[in-house]
Amino acid sequence: MGVAKLFYEEQQTTKDGNALWLRTSKVPLKDEDDHVVGILGVYEDITQQKLAEAKIKRLTQLYAMLSYCNQAIVRSGHQDELFERICHDTVEFGSLKMAWIGLIDDASQLIKPVAIHGDLNHYMADVHISIDADSPFGKGPTGTAVRENHPVWIQDFINDPRTTAWHERGEHSGWKASAALPISCNGISIGAFNIYAGEVNAIDHEVQTLLIEMANDNRFAIDGFASEEARKT
């Protein structure tokens, strides 16, 4: 009581729900008898600084993820091992919530998970994802990425109409953004690599660029595994 508190940082929420960071100093105002009669507060809005710091941290984590995934390509002896390593490294080093890889099941035209990491709330339990464009389970990012052979970015998972079939699951798991990138072998789409983040708009341009680079590196590795299998037979 009666002691100055200088240059501390605090996060607040504005009326429209946005985060606001302030650097605050508060100094007691005293009368001639040294009694506190008021407080002088000085506030500096450092929101943009905090956002810039968070972006740098996120990119540093993503570059680390890319490095580890490239190491996984070198160290993996077969495709299944590579997929497991990629999902693990994406979550553990990329500061993402979950990653999974699914491959097309030709008989059912469904995408079956073959590697998952970070599924703490069992989002993938009995999940139904199709490549059929006429199915409500085929209109999502994963089915679209596989069918059309291009990445799909979802910046607001819970409110995006493309993820309607999985909104309840996603809300329970805390998904705010996601991405699906096609996996191909010798130029043919065979599945998708999927990631989930805990912040809306987390898959920005820099993140997209890194994910595409990682997907391209993995494509060369998958083609190499296929060539080796063909050579053995």
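Helices (H or I, at least four residues) and strands (E, at least two) are DSSP runs, numbered from the N terminus. On that basis, β7 gives the largest share of the lining of the largest cavity, three residues. This is a predicted model: local features need pLDDT of at least 70, side-chain atom pairs count only at pLDDT 80 or more, and totals for chains, interfaces and linings use all residues. Residues are numbered from 1 along each chain as its sequence is written, and side-chain values use heavy atoms, with hydrogens and water left out.

**Strands and hairpins**

- Two strands pair if DSSP finds at least two bridges between them.
- Strand β1 (residues 5–13) pairs with strand β2 (residues 19–30) in the antiparallel sense, over seven bridges.
- Thr-13 stands opposite Ala-19 in β2.
- Five residues lie between the strands in this hairpin of β1 and β2, and Gly-17 takes a positive phi near 90°.
- β2 also runs antiparallel to strand β3 (residues 36–45), joined by nine bridges.
- Here Lys-30 stands opposite Val-36 in β3.
- The β2 and β3 hairpin has five residues between its strands, and Asp-34 in the turn has a positive phi of about 70°.

**Aromatic rings**

- Rings of Phe, Tyr and Trp (its six-membered ring) pair if their centres lie within 6.5 Å; planes under 30 degrees apart count as stacked, over 60 as edge-to-face and the rest as tilted.
- The structure holds six aromatic pairs.
- Tyr-123 and Trp-175 form an edge-to-face pair, 5.7 Å centre to centre with 70° between the planes.
- Tyr-123 lies in the loop between β5 (110–117) and α3 (141–148), and Trp-175 in the loop between α4 (167–173) and β7 (177–185), so the pair ties together parts 52 residues apart in sequence.
- Both Tyr-123 and Trp-175 are buried (under 20% relative accessible area; exposed is over 50%, partly exposed in between, with a 1.4 Å probe and protein chains only).
- Phe-137 and Trp-166 have ring centres 6.4 Å apart and planes at 65°, so this pair is edge-to-face.
- Phe-137 is partly exposed, with a relative accessible area of 31%, while Trp-166 is buried at 5%.
- One aromatic cluster consists of Tyr-123, Phe-157, Trp-175 and Tyr-196.

**Charges over rings**

- A charge sits over a ring if NZ of Lys or CZ of Arg is within 6 Å of the ring centre and within 35 degrees of the ring normal.
- The charged end of Lys-5 sits over the ring of Tyr-8, 4.3 Å from its centre.
- The charged end of Arg-219 sits over the ring of Phe-220, 4.8 Å from its centre.

**Cavity and pockets**

- On a 1 Å grid over the protein atoms alone, a cavity is a set of points where a 1.4 Å probe fits but cannot get out, and a pocket is an open set with protein on both sides within 12 Å along at least five of seven lines; lining residues have an atom within 4 Å of a point.
- Grid points are joined across faces, edges and corners, and a volume is the space filled by probe spheres set on the points.
- The largest cavity holds about 80 Å³ of space.
- Its lining includes Tyr-123, Phe-157, Trp-166 and Tyr-196.
- The largest pocket holds about 750 Å³.
- Of its 27 lining residues, Leu-51, Ala-54, Lys-55, Arg-58 and Glu-199 lie nearest its centre.
- α1 (47–75) gives the most to that lining, with nine residues.
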